[in-house]
Amino acid sequence: MSARRVVIEADGGSRGNPGPAAYGAVLRDADTGAVLAEDGSTIGRATNNVAEYSGLIAGLRLAQEFAPEAVVEARMDSKLVVEQMSGRWKIKHPDMRPLAAEATRLAPPGTTYTWIPRGDNAHADRLVNEALDGVREGVTSPEPSDDEDSLIEEIESPAAAAEGDRPATVQSQARGWSAGGGATTTLILVRHGVTAHTLEKRFSGGLASANPALSDEGRDQVRATAEWLAPLAERVGAVIASPVRRTRESADIVAEVLDKQVEVEPGFAEMEFGIWDGLTFAEVAEQHPDALKQWLGSLDAAPEGGESFRVVQERVLAGLRRVLEAHAGETVVVVSHVTPIKTLVGHAVDAPLDSVFRMELTPASVTVVSFFSSDDDEPRTSLRLYNALPPHRDAFSDPSAW
């Protein structure tokens, strides 16, 4: 049974201010005091205030995941964060604004914020120091008790529970939500800005395509997104780009703002559309009606000279594995395209591949996915944010904007 009321205890700290920084967050059942989950993670070089806000954000994410229907109270020893999130103090520092906006987005209606003395926040403070000392990283949660396992078995498979034979699927459902103590790797996925083909709604593929450049509008879009992400620069370990021209140009802008080098990952290139490249959907429907019908009806069908969705999925996930291995425990910005980003999102939420047909993705938008390492081969995943835009992008013309 999910907790009806939860308490978040959150803290953050920097050794140097700014310097190596980390946060700690504890989620408790407000009625029993039991720990439901905790997170102690490093965030690279940052100030104390950034680390404290990061702890609050981590705690709100724990509440969203482990007690999504509960009433939330956040307790912190940071007077600044408590007063700003309560609306009593203005948020003047530009580094704090996007963090406060993210916390506001995650906080369920009715969330309250309470200041507590530092001595009463010892658990969260311990998580901060454990992360800084390198002895922990990421989300952990208590394993369910035998009684809880039995209840799940009884609901899912009464006969198996009676015989003492626990199906592997039930065991996975009971324990799969616990991320373990491994590293958390976060991908900030940025779609490239518009090109002439984007505006004209033309198929525009990867390296074998016409490979159009960003338009002036596209450059402005990407720069606005990069500047929006700028307060996170200290925690970003790398900027990774598809090798296609419009993504390389977009990544160069992002890397310039964040003061990073660009790495290239060919697995994140856009789908190749073959002889459809440069045509509009209407033109393809007129010139290649049978091929278009097959492509829309089968994930294994491909345009002449192009790739199928299944082939792209294999390529994208191979690229993902390389990034997770090379940047384990880091936050990285990945500048890519519609099809690869949708494929990664579908993979993160364990959706079928044809879910790509049901997603919209705006140019220069931001999507965030985290991967939590575990004892098995596949890391646990979490979709943190989807298709978000800087606040000044027009919410009326673009409903995905904040």
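**A buried glutamate and its surroundings**

A: Happy to! Let's begin with E272, which is found in the loop between β9 and α11 (281-287); helices (H or I, at least four residues) and strands (E, at least two) are DSSP runs, numbered from the N terminus. Keep in mind that this is a predicted model, where local features need pLDDT of at least 70, side-chain atom pairs count only at pLDDT 80 or more, and totals for chains, interfaces and linings use all residues. Residues are numbered from 1 along each chain as its sequence is written, and side-chain values use heavy atoms, with hydrogens and water left out.

Q: Okay, is E272 buried or exposed?

A: E272 counts as buried because its relative accessibility is 17%. Buried means under 20% relative accessible area, exposed means over 50%, and partly exposed is in between (1.4 Å probe, protein chains only).

Q: Which residues is E272 in contact with, leaving aside its neighbours within four places in sequence?

A: Those are G205, G206, L207, A208, S209, G306 and E307. Contact here means heavy atoms within 4.5 Å.

Q: And what lies 3.0 Å from a polar atom of the E272 side chain?

A: That is the backbone nitrogen of L207. For a polar contact, a pair of N or O atoms must be within 3.5 Å; within protein, one must be able to donate a hydrogen and the other to accept it, and residues adjacent in sequence count only if both atoms are side-chain atoms.

Q: How do β7 and β10 run, parallel or antiparallel?

A: Strands β7 (residues 184-191) and β10 (residues 331-336) run parallel, joined by 6 bridges. V190 stands opposite V335 in β10.

Q: What about β11 and β12, parallel or antiparallel?

A: β11 and β12 run antiparallel, and 6 bridges join them. Here F372 stands opposite R380 in β12. Strand β12 is mostly covered, with 7 of its 9 residues buried.

Q: I noticed R384 in β12. Is R384 buried or exposed?

A: R384 is buried, since its relative accessible area is 17%. Beyond its neighbours within four places in sequence, R384 is in contact with R61, R105, V368, S370 and F372.

Q: Now the helices. How are two packed helices described?

A: By the angle between their axes and the distance between the axes. Helix α1 (residues 48-66) and helix α3 (residues 96-106) pack at an angle of about 15°, with their axes 9 Å apart. That makes α1 roughly parallel to α3, a label for angles under 35 degrees; over 145 is roughly antiparallel, 65 to 115 roughly perpendicular and the rest oblique. Residues making the contact include Y53 and L60 of α1 and L99 and A103 of α3.

Q: Last topic: which residues does a cis peptide bond join?

A: N17 and P18, with omega about 5°. N17 also has a positive phi of about 45° although it is not a glycine. Most residues other than glycine have a negative phi, and most peptide bonds are trans.

Q: Where does N17 lie?

A: N17 lies in the loop between β1 and β2. At 42% relative accessibility, N17 counts as partly exposed.

Q: And D350, buried or exposed?

A: D350 is exposed, with a relative accessible area of 72%. Its place is in the loop between α14 (338-348) and β11 (366-372), and the phi of D350 is near 60°, a positive value in a residue other than glycine.

Key
Pairing = 2+ DSSP bridges. Axes fitted to C-alpha atoms, helices over the stretch in contact; angles between N-to-C directions.
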